[in-house]
Amino acid sequence: MAAFVFSKKTELALSSAKAELEKLKAEIVPILPAHLRRILDNLMPWQVEQVEEIRLREGRPLLLRLGNTEMPLKAEGIPAETLGEAYHVTKEDLQRALQLLSQSSIYALEEEMRNGYITIPGGHRVGFVGEAVLEQGKVKTLKNISSLNIRLAREVIGCADSVMPYLYDPKSGKPYHTLIISPPRCGKTTLLRDIVRQFSEGIAGAFHLAFNVGLVDERSEIAGCYLGRPQKNVGPRTDVLDGCPKAQGMVMLVRSMSPQIVATDEIGRLEDVAALEEMLNAGVAVITTVHGNNLNDLERRPILKNLITQDFFERYVLLGRTYGVGTIEAVLDARTKENLLAKPIPGNLKEGVAC
């Protein structure tokens with residue numbers, strides 16, 4: 001029986017890796033020059049499953065990031081032991097990639113160049129750097145592109161299962177104002193996306209616990225919108241305002257879409273706080289995230305300290321890596337600071353899917 005279970009798990013893992021490989025081919029590979037496609041074609045499925053970023057820097061090694069590690073690749077598509085052995089990206093590689101991204105009309109990318117990134121089908125994001133062209137002191141566009149960073153967007157359906165019971169009041173059925181606190185690359189955006197989906201679908205599938213959610217996705221990382229349409233599952237009752245500054249977007253959503261919940265990522269600016277206060281006055285629940293290790297971190301930042309001392313939030317969800325990426329380290333009642341968890345809950349995120 002044990003051998004059978006192991007065999008089934010192995011079979012499922014291989015099937016998942018194969019699906020990731022097909023996804024990479026369908027969505028990422030078409031924007032790469034032909035010989036870079038051949039290099040990636042030689043990756044093993046387990047390697048593909050963990051790829052988070054593909055780094056193309058002119059005259060420098062082709063690098064893949066897999067969670068906290070990186071993998072230089074040889075021209076044969078196998079890992080290089082040193083950077084010197086790796087395939088070195090050429091100027092022609094970058095120019096061809098830009099042609100493929102823009103469908104041979106580089107001027108069509110001017111707006112995206114100004115922002116420094118473009119979102120492609122599948123919700124993946126390609127970042128650019130190069131020489132900034134200024135107009136009246138502001139960046140008009142970029143030219144002489146020297147680096148591309150292709151970031152793979154992934155979703156983990158169900159990664160919020162263990163935390164959902166703590167995010168709403170079972171008596172009133174109302175969501176709590178919630179702040180997710182996380183160091184970089186511990187899965188806060190992935191967790192937020194699944195929380196949004198679950199509130200939108202109805203907690204545990206219950207229609208009476210389903211909510212209209214307004215999602216402000218300033219950097220197109222939560223819903224992964226392409227041409228305004230979410231590429232990730234954010235639920236049937238979620239309205240996405242893509243590419244909009246979060247403070248402005250939160251107010252717009254409340255006035256236009258009457259959400260019961262507003263969600264957004266990475267607060268921290270003064271105007272964000274003003275918008276959050278407007279949500280509170282409008283009776284709208286807020287779920288958002290911030291970079292940090294714990295509450296002490298946030299209390300050292302004047303803007304965030306005010307939110308904490310004023311008890312704006314009702315729940316704090318702390319992420320970390322105690323039991324791997326996406327570990328739920330604690331869920332704090334904001335009023336008492338009591339940890340509602342008996343012990344940390346292992347996350348079910350893999351290296352390479354956390355952001």
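The largest pocket of this predicted model has a volume of about 540 Å³; here a pocket is an open set of points on a 1 Å grid over the protein atoms alone, with protein on both sides within 12 Å along at least five of seven lines, whereas a cavity is a set of points where a 1.4 Å probe fits but cannot get out. A volume is the space filled by probe spheres set on the points, which are joined across faces, edges and corners. Of the 25 residues that line the largest pocket, Glu112, Ile118, Thr119, Ile120 and Tyr226 are the closest to its centre, a lining residue being one with an atom within 4 Å of a point. The model is a prediction in which local features need pLDDT of at least 70 and side-chain atom pairs count only at pLDDT 80 or more, while totals for chains, interfaces and linings use all residues. Residues are numbered from 1 along each chain as its sequence is written, and side-chain values use heavy atoms, with hydrogens and water left out.

At least two residues of the lining of the largest pocket come from each of α1 (2-27), α4 (91-102), α5 (110-115) and β4 (117-119), where helices (H or I, at least four residues) and strands (E, at least two) are DSSP runs numbered from the N terminus. By class, this lining of the largest pocket comprises 14 nonpolar, seven polar and four charged residues; Ala, Val, Leu, Ile, Met, Phe, Trp, Tyr, Cys and Pro count as nonpolar, Asp, Glu, Lys and Arg as charged, and the others, Gly among them, as polar.

The second largest pocket, with a volume of about 320 Å³, is lined by 15 residues, and Ile106, Leu142, Lys143, Asn144 and Ile145 lie nearest its centre. Helices α4 and α5 and strand β6 (138-151) each supply at least two residues of this lining, and β6 gives the most, with five residues. The lining of the second largest pocket divides into eight nonpolar, three polar and four charged residues.

Strand β6 also holds serine 147, which counts as buried because its relative accessible area is 12%; buried means under 20% relative accessible area, exposed over 50%, and partly exposed in between (1.4 Å probe, protein chains only). Not counting residues up to four places away in sequence, serine 147 touches Leu56, Arg57, Arg60, Leu94, Gly127, Phe128 and Val129, contact being defined as heavy atoms within 4.5 Å. In the loop between β5 (125-135) and β6 lies glutamine 136, which is exposed, with 80% relative accessibility. The phi of glutamine 136 is near 55°, a positive value in a residue other than glycine.

Helix α7 (residues 246-257) has twelve residues, so at 1.5 Å a residue it should span 16 Å, which agrees with the 15 Å between its end C-alpha atoms; the expected span is 1.5 Å times one less than the number of residues. Within α7, the buried residues are Lys246, Ala247, Gly249, Met250, Val251 and Leu253, and the buried residues of this helix pack against β8 (213-217), β9 (238-242), β10 and α8. Just after α7, serine 258 takes a positive phi of about 45°.

Aspartate 265 is placed in the loop between β10 (261-264) and α8 (270-281) and counts as buried because its relative accessibility is 8%. The side chain of aspartate 265 makes polar contacts with the side chains of threonine 189, at 2.7 Å, and threonine 289, at 2.2 Å. A polar contact is a pair of N or O atoms within 3.5 Å; within protein, one must be able to donate a hydrogen and the other to accept it, and residues adjacent in sequence count only if both atoms are side-chain atoms. Residues up to four places away in sequence aside, aspartate 265 touches Lys188, Thr189, Leu192, Val216, Ile222, Lys246, Thr288 and Thr289.

Glutamate 266, found in the loop between β10 and α8, is partly exposed, with a relative accessible area of 21%, and has a positive phi of about 55° although it is not a glycine. Glutamate 266 and glutamate 201 are 65 residues apart in sequence and 24 Å apart in space, C-alpha to C-alpha. Glutamate 201 belongs to helix α6 (residues 188-201) and is partly exposed, at 30% relative accessibility. Its side chain makes a polar contact of 2.7 Å with the side chain of arginine 197, and, leaving aside neighbours within four places in sequence, glutamate 201 is in contact with Ala210, Asn233, Gly235, Pro236 and Arg237.
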